[in-house]
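Here's a quick briefing to read with the model open beside you. Take a look at the fold, then work through the points below.

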Amino acid sequence: MIVARDLRLAYRQPGNTVTVLEGFDLTVPKGERCVLIGPSGCGKSSLLLLLAGLLKLSGGVRHASGGSEAGGRLHVGGQPLEGPRPQTSLILQDFGLFPWKTVEENIALGLRLKGVGEREAAERVRPVVERLGLAGTERRHPRQLSGGQRQRVAVGRALATEPDLLLMDEPFSSLDALTRESLQDLILEIARRDPLTIVLVTHSIEEAAFLGQRILILDGPPLRIIGQVDNSGAGASDYRRQKGFHAACDEIRRLMVKASERGSLR
């Protein structure tokens with residue numbers, strides 16, 4: 001699903017340049033749940049923006065205070081990535097909901113931007129609402145929802161467009177423990193039923209171990225892979241109570257502590 005070679009990304013401001021990616025490689029097979037875990041500011045979110053096509057690999061993105069320049073080779077779904085692709089969905093930490101739109105309108109947003117008519121969009125949103133346990137909230141606005149419900153709306157908007165690649169940037173970090181686990185279970189249920197490739201950024205060792213079939217331990221900037229944990233047991237409904245889950249947590253923690261002790265994590 002994802003083949004990235006020699007990715008380079010630098011943010012430029014007057015008198016200062018921060019190199020976020022330099023010679024970074026990544027391969028994610030179709031159907032895999034790949035988790036990226038590392039310290040804040042190492043470049044994980046910038047990598048997701050590249051994978052989503054929101055930062056282009058040529059020409060850079062210019063802002064009033066500076067800009068960014070990116071390069072390298074990136075293929076998603078077997079094609080060179082030249083911008084946002086319709087089959088990729090991105091879920092952000094802050095939900096990304098429009099406060100003036102209802103639950104139904106927020107979930108339908110991606111469909112409407114693709115030119116789907118209002119009636120057809122409503123029909124396609126209805127089963128998503130049911131599936132996510134949001135029935136009865138369709139006419140509410142985000143301020144009338146709990147944090148868990150708002151995150152379910154964000155997940156619903158991502159799923160309504162029927163993606164084959166789901167990118168998630170710390171989507172559950174602001175939620176309480178039980179709500180967080182409920183939504184982790186939901187993501188696994190969705191991944192089992194739909195042909196989805198998932199790339200998740202998180203700071204939580206337990207979340208990485210529960211969701212990730214492959215966990216990459218990262219450091220930076222510039223972003224680099226300093227360890228990998230293969231976690232084939234991830235996805236079982238009772239995995240949190242299995243020895244494999246605790247072994248994966250221990251291995252992730254061991255790699256991060258080892259890197260920290262040698263001065264790799266900053």
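When we say that one residue covers or touches another, we're talking about contact, which means heavy atoms within 4.5 Å. Keep in mind that this is a predicted model.

- Domain 1 puts 17 residues into the contact, and domain 2 puts in 13 residues.
- The size of an interface is often given as the accessible area lost when the parts come together.
- Here, domain 1 and domain 2 bury about 1,200 Å² between them, with 64% of it on carbon and sulfur atoms.
- On the domain 1 side, Pro163, Leu186 and Ile190 lose the most area to domain 2, and together they make up 37% of what that side buries.
- There's one salt bridge between the domains, and three residue pairs are in polar contact.
- Helix H5 (residues 177-193) gives the most to domain 1's side of the contact, with seven residues.
- Sorted by class, that side of domain 1 has eleven nonpolar, three polar and three charged residues.

- Helix H2 (residues 103-113) has eight of its eleven residues buried; among them are Val103, Ile107 and Leu111.
- What covers H2's buried residues? Helix H3 (118-131) and H4 are included in the cover.
- Just after H2 comes Gly115, with a positive phi of about 95°.
- Helix H1 (residues 44-51) is also mostly covered, as six of its eight residues are buried.
- The buried set in H1 is Lys44, Ser46, Leu47, Leu48, Leu50 and Leu51.
- Gly53 follows H1, and its phi is positive, near 80°.

**A buried glutamine**

- Gln151 sits in helix H4 (residues 147-160).
- Is Gln151 buried or exposed? Its relative accessibility is 0%, so Gln151 counts as buried.
- Leaving out residues up to four places away in sequence, Gln151 touches Ile91, Leu92, Gln93, Phe95, Pro171, Phe172, Leu175 and Leu183.

**Salt bridges**

- Side chains of opposite charge can pair when their charged atoms come close.
- How many salt bridges does a search of the whole structure find? The search turns up 15.
- Arg12 pairs with Glu69, and their closest N and O atoms are 3.2 Å apart. This pair links distant parts of the chain, with Arg12 in strand E1 (residues 2-13) and Glu69 in strand E5 (residues 66-76), 57 residues apart.
- Arg12 is partly exposed at 33% relative accessible area, and Glu69 is partly exposed at 31%.
- Glu104 and Arg139 meet in a salt bridge too (3.1 Å, N to O). They're 35 residues apart, with Glu104 in helix H2 and Arg139 in the loop between H3 and H4.
- Glu104 has a relative accessible area of 19%, so it's buried, while Arg139 counts as exposed at 63%. The cut-offs here are under 20% for buried and over 50% for exposed.
- Arg254 and Glu251 form a salt bridge as well (2.7 Å, N to O). Because they're three residues apart in helix H7 (residues 243-261), about one helical turn separates them.
- Arg254 is partly exposed at 42%, and Glu251 is partly exposed at 27%.

Conventions
Residues are numbered from 1 along each chain as its sequence is written. This is a predicted model: local features need pLDDT of at least 70, side-chain atom pairs count only at pLDDT 80 or more; totals for chains, interfaces and linings use all residues. Side-chain values use heavy atoms; hydrogens and water are left out. Buried area is the accessible area (1.4 Å probe) that two parts lose on being put together, summed over both. A salt bridge is a side-chain nitrogen of Lys or Arg within 4 Å of a carboxyl oxygen of Asp or Glu. A polar contact is a pair of N or O atoms within 3.5 Å; within protein, one must be able to donate a hydrogen and the other to accept it, and residues adjacent in sequence count only if both atoms are side-chain atoms. Helices (H or I, at least four residues) and strands (E, at least two) are DSSP runs, numbered from the N terminus. Ala, Val, Leu, Ile, Met, Phe, Trp, Tyr, Cys and Pro count as nonpolar, Asp, Glu, Lys and Arg as charged, and the others, Gly among them, as polar. Buried means under 20% relative accessible area, exposed over 50%, partly exposed in between (1.4 Å probe, protein chains only).
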